[in-house]
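Here's a quick look at one helix and its surroundings.

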Amino acid sequence: MQLINNLIEEGDIERAICQLDALIDSQPDNDAAFFQRGKLYWKIGETARAMNDYAAAVRINPDSPAATALEHSHDIQNFFNPDLLNP
C-alpha cells in the first residue's frame with residue numbers, strides 16, 4: 001500500500017488505480033483496497049465505479065468506512081434542486 005500511497009501523493013491516480021487493480025486481483029477480500037480505489041474513482045469523476053467499489057468493500061466488511069462513503073454518494077446522486085430547472 002505504500003507504493004499506492006506514494007503514487008496518490010504524486011498525483012499519479014491512473015497508476016495508483018492500476019496498482020489497486022492488481023492488489024484486488026490477488027486479495028479479493030481486501031476491503032481497504034476497494035475503498036481506496038473507490039475514492040480514486042470518485043476523484044476522477046467515475047462515480048458509478050466508485051459506488052460499486054464502496055459497495056464491494058461494505059459486503060466484505062460492513063464496518064468499513066466505505067459504508068459512510070456509499071451513503072454520502074447516494075445522497076449526492078439523489079440530490080434534487082428545482083431551482084436548477086427553473087432559472
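## Buried and exposed sides

Buried means under 20% relative accessible area, exposed over 50%, and partly exposed in between, using a 1.4 Å probe and protein chains only. Helices here are DSSP runs of H or I with at least four residues, numbered from the N terminus. This is a predicted model: local features need pLDDT of at least 70 and side-chain atom pairs count only at pLDDT 80 or more, while totals for chains, interfaces and linings use all residues. Residues are numbered from 1 along each chain as its sequence is written, and side-chain values use heavy atoms, leaving out hydrogens and water.

On H1, the buried residues are Ile 4, Leu 7 and Ile 8. They span an arc of only 100° around the axis (taken from the directions from the helix axis to the C-beta atoms), so they sit on the same side of H1.

## Packing against H2

The cover over the buried residues of H1 includes H2 and helix H3 (31-43), with contact meaning heavy atoms within 4.5 Å. From H1, Leu 3, Ile 4, Leu 7 and Ile 8 meet Arg 15, Ala 16, Gln 19, Leu 20 and Leu 23 of H2.

As for geometry, the axes of H1 (residues 2-9) and H2 (residues 13-26) come within 8 Å and cross at roughly 160°. Those axes are lines fitted to C-alpha atoms over the stretch in contact, with angles running from 0 to 180 degrees between N-to-C directions.

## Leaving H1

Just after H1, Gly 11 takes a positive phi of about 85°.

Note on methods: Helix = DSSP H or I, 4+ residues; strand = E, 2+ residues; numbered from the N terminus.
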